[in-house]
Amino acid sequence: MPRENISFQFIQKGNVDDQAVTIDAIVLTESPDKTANIQIPQAIADTLENNRQRHSNSNSQSPRLTLLPTHGFLNAPYLIVVGNEMEDIRTLGHDIVQLARRERFSRLLIELTLPASKQERSRWLQQLAEGMYMANYARQTYNSQAKSPSFVTQAHLLIGELDAQLEKALESAEIISEAVCHARDLTNFPGNYLVPAILADEVQAISDAFDCFVCEILDEQQIAEHGMGGLLAVGKASINPPRMITVTYRGNPKSDDVIGLIGKGITFDTGGISLKRSDNMAEMICDMAGAATVAGVMQAVGRLRPKCNLVFVIAAAENMPAGNAYKPGDVITTMSGKTIEVLNTDAEGRVVLADAMTYALQKGASKLIDIATLTGAILVSLADVATGAVTNNQDFMNQLMTAASAADERIWQLPVYPEYKEMIKSSVADVKNTGGRYAGSITGGLFIGTFADHAPWIHLDVAGTAFLDKQRGIHPKGGTGVMVRTLIALINNH
Ligand SMILES: [Zn+2]
C-alpha cells in the first residue's frame, strides 16, 4: 500500500552540528526559546516579519506554517516556521508532513518547544507522531500515468534524550496510525475488488500475521446452517456470496468480560430492489467502512496485546438487485429467532448486523459496539463532522466518550426516547427495518439494539465520517479510518 513509515531519530540538544545528516527542511517555531539549538537567522526573521505585516494589512490570517528558503543561512535549503498559535499537536504534525510531501521533502529536522512535564511530553510526542504518520498516507491509485507520491521518510527530532516513555509514545503512535491507514485502505478498495470473500481473506491475513487470534469464516452454506437469515437474505442476489467473519482474542482468560466489535461489511450497496439513485452511488464502496474500522482495531490489538477479551465480528455481503433478491414486504427470520419485516431493501446494514450481534453474543461478547455506515439521515443531522451514537447503557457510553476525547474524535450521542422504539414496531413481524424518514439514524440504531439482548451496547453511525469527498483537517479525502483511534483508546483503558 502506498505509504511510508517515518523513521524518527532523536538528536541530543547541543549535538546538532555533529550529526552528519542531510536535511531537506528544518522545522522551527516562530519564536524559539533561548535554549533552542537552532535560532532563526536575522535575515529570515525579517522576511517573516514582512510576511506578518502584509497579512495584518490584508486582514487575512497569518499562515500557521510558513515555508521559506534559507539562502544558506541554515544547514538545509528550506525552513518551515510554525506559527505560535498552533495548539492542536496532531494537526500540527499532520500539516508539517503534508506541506513537506507537497514540496517533495523527505528528510526533516524538527525543533519545537516541548511541554515541561514528562507525562505531558510523551503525550505531546505521541500526538505529533500520530499526525505525522497519518499524513504520510496516500490512497492507492490505479492511474497508469500517476507520478509516484512523495513521502517523509526521516524525522530528526531535536528534543534531547529518548527515554523509555518517549520511545513507547512513538511506538504507540506508529501502531495506532498504521491501524488507521489499514482501515483507510480497506475502505478505499473498489467494490469489484473487495467482494465479501476478499474482505474475509483480508481479515484472515491480519489474523494470520499474529499468534493471538482465532479466525473463523462462514461461507453462504454455513451462514444458512447457522440460521443467519438476515445476512443470507441481503447477500443472496449477488454472485459474490456473503461471509460471516469472526475473530476472537483472549488477553485476559480469567475474565468473562468480552467486548464485541461488530462491523457492517456491505462491500457494495446498490440499495437492492429499493435501488439507489445513480448519483454518488460509487461512494457505496465505503459501505464496509465499519468492517474496515474493526479490522484496523484488530491489527492494533495484534501488536499492542491489551489485557482484555475481544470478539470481532464482520457481516460481509454485497447488496444487489436480481431475480432472487430479497424484496420489500418480505419477512426474514434472523439467527436470534426474531423476525424482520423488510420495508426497504436499502436498509440492509441493520439486517446483516442483526445476525452479527447475535453471533457476537454467542461467541461470548458481554458488551457490544457496532460500527456501521448505517444511515444517510446521520448526514442530515451531523453532516460529515461527527459520528452519531445510540446506546442502551450510559456508563458504557461515557467510557467510549472519554476514549473519543483522548483520541480527539467526535461522537454525538442521540436520544432514545420510548417513542422512537414505537416507530420500528411491525404489525407482521417483531420489528420492521425502517421507521420512516424522521429520526432515521435513531430508529436505525434502535433496530440494531433490538438484537443486543440486554447486553450493554453502543451503535456508531459513521455514514458521514468514514468517507469524505474532500480533505478536512487530518482526515483525507476518501476513507478516513474513523473510530479506529477511539476504539483502541477504549480497549487500552479497559
Ligand atoms: Zn443501503
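This is a predicted model: local features need pLDDT of at least 70, side-chain atom pairs count only at pLDDT 80 or more; totals for chains, interfaces and linings use all residues.

Residues are numbered from 1 along each chain as its sequence is written.

**Overall dimensions**

The protein chain holds 14 helices and 19 strands; helices (H or I, at least four residues) and strands (E, at least two) are DSSP runs numbered from the N terminus. Its radius of gyration is 25 Å, close to the 23 Å that the globule rule gives for 494 residues, so the protein chain is as compact as a globular protein of that length. The radius is taken over C-alpha atoms, and the rule is 2.2 Å times the number of residues to the power 0.38. Along the principal axes, the C-alpha atoms fill a box of roughly 80 × 50 × 45 Å.

Buried residues make up 51% of the 494 in the protein chain. A residue is buried if 20 or more other C-beta atoms lie within 10 Å of its own, exposed if 12 or fewer, and partly exposed in between, with C-beta atoms placed from the backbone. Of the contacts with a separation of 6 or more, 79% join residues 24 or more positions apart; two residues are in contact if their C-beta atoms, placed from the backbone, lie within 7 Å.

**Helix packing**

Helix α3 (residues 118–135) has 18 residues, which at 1.5 Å a residue should span 26 Å, and its end C-alpha atoms are 26 Å apart, in agreement. The expected span is 1.5 Å times one less than the number of residues. Of the 18 residues of α3, 13 are buried.

Helix α4 (residues 164–188) packs against α8 (residues 289–304), and also against α14 (residues 484–493) and α3. The table gives the geometry of each pair. Axes are lines fitted to C-alpha atoms, for helices over the stretch in contact, and angles run from 0 to 180 degrees between N-to-C directions.

| Pair | Axis distance | Crossing angle |
|---|---|---|
| α4 and α8 | within 8 Å | roughly 150° |
| α4 and α14 | within 9 Å | roughly 135° |
| α3 and α4 | 8 Å | about 30° |

Angles under 35 degrees count as roughly parallel, over 145 as roughly antiparallel, 65 to 115 as roughly perpendicular and the rest as oblique. With roughly 135°, α4 is oblique to α14. At about 30°, α3 is roughly parallel to α4.

The crossing of α4 and α14 is right-handed. Its contact involves Ile176, Ala179, Val180 and Ala183 of α4 with Val484, Arg485 and Ile488 of α14. Residues of α4 that meet α8 include Ile175, Ile176, Ala179 and Val180, and those of α8 include Ala292, Ala295, Gly296 and Ala300. Between α3 and α4, the meeting residues include Leu125, Ala129 and Glu130 in α3 and Ala169, Ala173 and Ile176 in α4.

Isoleucine 176 lies in α4 and counts as buried, with 27 C-beta neighbours inside 10 Å. Leaving out residues up to four places away in sequence, isoleucine 176 touches Glu130, Ala300, Arg485 and Ile488. Isoleucine 176 and arginine 485 are 309 residues apart in sequence, yet 6.4 Å apart in space, C-alpha to C-alpha.

Helix α13 (residues 440–449) has ten of its ten residues buried, so it is largely enclosed by the rest of the structure.

Valine 331 belongs to strand β11 (residues 331–333) and is partly exposed, with 15 other C-beta atoms within 10 Å. Its contacts, not counting residues up to four places away in sequence, are Thr339, Ile340, Glu341, Val428 and Ala429.

Most residues other than glycine have a negative phi. Arginine 104, in the loop between α2 (89–102) and β5 (107–111), has a positive phi near 60°. Arginine 104 is exposed, with 12 other C-beta atoms within 10 Å. Phi of aspartate 408 is likewise positive, near 60°; aspartate 408 sits in the loop between α11 (394–407) and β15 (411–413) and is partly exposed, with 18 other C-beta atoms within 10 Å.

Note on methods:
A crossing is left-handed if the near helix is turned anticlockwise from the far one by less than a right angle, and right-handed if clockwise.
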